[in-house]
Amino acid sequence: MTSSPTPGLTRINTLDDSAATAELHEVCASSAWGSKMLAQRPFATPESLFAANETAMAELTAQDLAEAMGGHAPIGRPKPGDPTSAREQRGMAGASEELRNELLELNLAYQEKFGHVFLICATGATGEFMRDAVKVRIGNSPEQERETARGELVKINRIRLTRLVEGE
């Protein structure tokens, strides 16, 4: 069973292209992803919006993925004044100084190896979980890590799209 359009979905479907592009850019910084999503409007259901996200993410090139990842703050350092970044990284709020420093070092080592921030769907994750994930993923090849990051972006985008659909 699929759900019917919500006021938030109707809004996404009826925004002019410029406004819709701006809204989609808040979900994902990849302009190619935004263009692919824009071309799929109107979305009949939230599920069709989520499916379009998965398809668009699967079609992104390495350069497009780099652009998407560039829109994300490092774990443990949400963008100042950005409620989305702060909300998504809430699991770090009570982290000890020791854990924050360890994550900073791991993030720097990860970025040195892969050339981009460590990307994980941090919503609901603890600092310890994220630390353990970066420790494992730093052993990936660049190709493995690019695909892992792509999967994390799908999840992050879905959460952000859900918030748009629900009108938050």
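Let me begin with helix α9, residues 142-165, where K155 and E152 both sit, three residues apart, which is about one turn of the helix; a helix here is a DSSP run of H or I with at least four residues, a strand is a run of E with at least two, and both are numbered from the N terminus. These two side chains form a salt bridge, with the closest N and O atoms 2.9 Å apart, and by salt bridge I mean a side-chain nitrogen of Lys or Arg within 4 Å of a carboxyl oxygen of Asp or Glu.

Before I go on, please keep in mind that this is a predicted model, in which local features need pLDDT of at least 70 and side-chain atom pairs count only at pLDDT 80 or more, while totals for chains, interfaces and linings use all residues. Residues are numbered from 1 along each chain as its sequence is written, and side-chain values use heavy atoms, with hydrogens and water left out.

Buried means under 20% relative accessible area, exposed means over 50%, and partly exposed lies in between, with a 1.4 Å probe and protein chains only.

Now to the chain as a whole, which has nine helices and zero strands. Of its 168 residues, 44% count as buried. The chain exposes about 8700 Å², and carbon and sulfur atoms supply 54% of that area; accessible areas come from the Shrake-Rupley method with a 1.4 Å probe, and for residues only the protein chains shown count as cover. If we take the contacts with a separation of 6 or more, 70% of them are between residues 24 or more positions apart, where contact means heavy atoms within 4.5 Å.

Another salt bridge brings together the side chains of K36 and E59, at 3.3 Å from N to O. K36 belongs to helix α3 (residues 31-40) and E59 to the loop between α4 (46-58) and α5 (62-69), so here the parts tied together are 23 residues apart in sequence. K36 is partly exposed at 27%, and E59 is partly exposed at 46%. Elsewhere, E102, R131, D132 and K135 are linked in a network of salt bridges.

My last topic is empty space inside the protein. Rolling a probe the size of a water molecule over the atoms shows where empty space is left. How many cavities of 30 Å³ or more are there? The count comes to one, and the largest cavity has a volume of about 40 Å³. Helix α2 gives the most to the lining, with three residues.

How values were computed. 1 Å grid on protein atoms, 1.4 Å probe; cavity = no way out; pocket = protein on both sides within 12 Å on 5 of 7 lines; lining within 4 Å. Points joined across faces, edges and corners; volume = space filled by probe spheres on them.
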